[in-house]
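Welcome! Here is a short briefing to read with the structure open beside you. Take your time and look up each residue as you meet its name.

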Amino acid sequence: MSELRYVRLGFGGQAVEYQEAWQEQRRVHAARFADEIPDTCLLLEHPPVYTAGRRTADSERPLDGTPVIDVDRGGKITWHGPGQLVGYPILKLPRPVDVVAHVRRLEEALIRTVAEFGLETTRVEGRSGVWVLGDPVHGRPALGGLSLDFDPRLADEKFDPRLNGPEYAPSNAGQRREDRKLAAIGIRVAKGVTMHGFALNVNPDNTWFDRIVPCGIRDAGVTSLSNELGGEITIAEVVPVVERHLRDVLESAELKPREIERASA
C-alpha cells in the first residue's frame with residue numbers, strides 16, 4: 001500500500017463541524033481517485049452531532065426530535081462529539097473491493113492502539129467495531145431488580161431502553177458488566193476509494209449515547225478509554241499512537257481484490 005499521510009483538521013476549540021468535514025472528505029476523495037494525492041487520513045473532533053447511516057430505523061433516532069444528519073456510510077445511528085477521536089481514512093483499494101477486509105484492518109489498528117494504553121479489547125462476531133467484553137450473562141448483576149431470565153431486552157424486540165430508566169442506558173453498560181463498544185466503524189467505498197471511517201471514544205460524555213439506540217444495538221452499551229482505565233486519557237495522547245498503528249497496519253497490508261466465486265456451468 002502507498003505511504004499514508006495524515007491531516008489533523010482540528011481538535012478541542014478547533015473541532016470541525018460535521019458538514020464541513022464531510023465536504024472536505026468529498027474533496028479529498030475526488031483528489032485520491034484522480035491520483036492527485038496519496039492515501040490520506042483525516043483526524044479530528046466534531047462538536048456534538050448525531051449521524052445516521054443508511055440502515056438506521058426511525059425507532060433508533062432521538063425521541064425528542066433532536067436533529068440527525070443522514071449520511072451515505074454503512075451502519076446505523078451514532079454520536080460524535082468532544083472527547084471522541086474521529087478518523088476518515090481515504091484510501092484507494094484494489095477492485096473488486098473487499099470492504100470487510102478494510103474494516104478488519106481499521107479494527108486491528110485500534111485494538112493495537114488501546115492495548116498500548118493497557119486496555120484489552122476484541123472484535124464481536126457480527127458486530128463491527130472494537131469492544132470491551134462483559135462478564136458471561138449469568139455472571140452479571142440482576143438488572144432493575146429482575147433476574148436475567150426476565151430481562152425484557154432478551155424477548156421483546158420493541159423494548160426501548162430510553163424509556164425504561166438509567167439501568168438500561170448504553171452509558172451504564174460497564175456497571176452492568178455487559179459488552180460495550182469502545183470504537184465504532186462505518187465506511188463507504190465509492191469508485192474504489194474509501195470514505196468515512198472510525199470513532200474512538202477517548203474521554204467523551206457517553207450519556208449523549210443514551211438518547212439514541214447506538215448502532216441499533218439494544219443489548220450492549222458504550223464505553224471510553226478513560227472509563228475503562230479509571231483515569232483521564234486525552235485526545236492529544238492518543239492521536240500519535242493511532243497514527244503509528246494505522247500506518248503499521250495499512251502500509252504493511254498486502255491488499256488483494258475480493259475473490260469472486262463463480263458458479264460452474
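This is a predicted model: local features need pLDDT of at least 70, side-chain atom pairs count only at pLDDT 80 or more; totals for chains, interfaces and linings use all residues.

Four aromatic pairs are found in the structure, while the number of disulfides is zero.

- Which residues is V238 in contact with, leaving aside its neighbours within four places in sequence? They are L85, T113, F117, L200, V202, L225 and I233.

- Helix α5 has 18 residues, and the distance from its first C-alpha to its last is 25 Å.
- That reach is close to the 26 Å expected at 1.5 Å a residue.
- The buried residues of α5 are I235, V238, V239, V241, V242, E243, H245, L246, V249 and L250.

**Aromatic rings**

- A pair of aromatic rings is described by two things, the distance of the centres and the angle of the planes.
- Y18 and W22 form a tilted pair, with 6.1 Å centre to centre and 55 degrees between the planes.
- Both of these residues lie in helix α1 (residues 18-33), where they are four residues apart, about one turn of the helix.
- Are Y18 and W22 buried or exposed? Y18 is buried, with a relative accessible area of 3%, and W22 is buried too, at 10%.
- Why is the pair of W79 and F209 edge-to-face? The ring planes of W79 and F209 are at 75 degrees, and edge-to-face applies to planes over 60 degrees apart, so the pair is edge-to-face, with centres 5.5 Å apart.
- This pair links distant parts of the chain, because W79 is in strand β5 (residues 77-80) and F209 is in the loop between β10 and β11 (221-222), 130 residues apart.
- W79 and F209 are both buried.
- Ring pairs also link W79 and F209 with Y50 and W208 into a cluster.

**Charges over rings**

- R26 lies over the face of W22, at 4.7 Å from the ring centre.
- K191 lies over the face of F33, where the distance from the ring centre is 5.2 Å.

**Cysteines**

- A disulfide is a covalent bond between the sulfur atoms of two cysteines.
- A search of the whole structure finds zero disulfides.
- C41 is in no disulfide, and the nearest cysteine sulfur to it belongs to C215, 19 Å away.
- C41 is buried, with a relative accessible area of 0%, whereas C215 counts as partly exposed at 22% relative accessibility.

**Backbone details to look for**

- A cis peptide bond joins R95 and P96, with omega at about -5 degrees.
- You will find P96 in the loop between β6 and α2.
- R177 is not a glycine, although it has a positive phi of about 60 degrees.
- R177 sits in the loop between α3 (173-176) and β9, and it is partly exposed, with a relative accessible area of 35%.
- C215, which is not a glycine either, has a positive phi of about 60 degrees.
- Where is C215 found? Look in the loop between β10 and β11.

Terms used:
Residues are numbered from 1 along each chain as its sequence is written. Side-chain values use heavy atoms; hydrogens and water are left out. Contact means heavy atoms within 4.5 Å. Rings of Phe, Tyr and Trp (its six-membered ring) pair if their centres lie within 6.5 Å; planes under 30 degrees apart count as stacked, over 60 as edge-to-face and the rest as tilted. Helices (H or I, at least four residues) and strands (E, at least two) are DSSP runs, numbered from the N terminus. Buried means under 20% relative accessible area, exposed over 50%, partly exposed in between (1.4 Å probe, protein chains only). A charge sits over a ring if NZ of Lys or CZ of Arg is within 6 Å of the ring centre and within 35 degrees of the ring normal. The expected span of a helix is 1.5 Å times one less than its number of residues. A disulfide is a pair of cysteine sulfur atoms within 2.5 Å.
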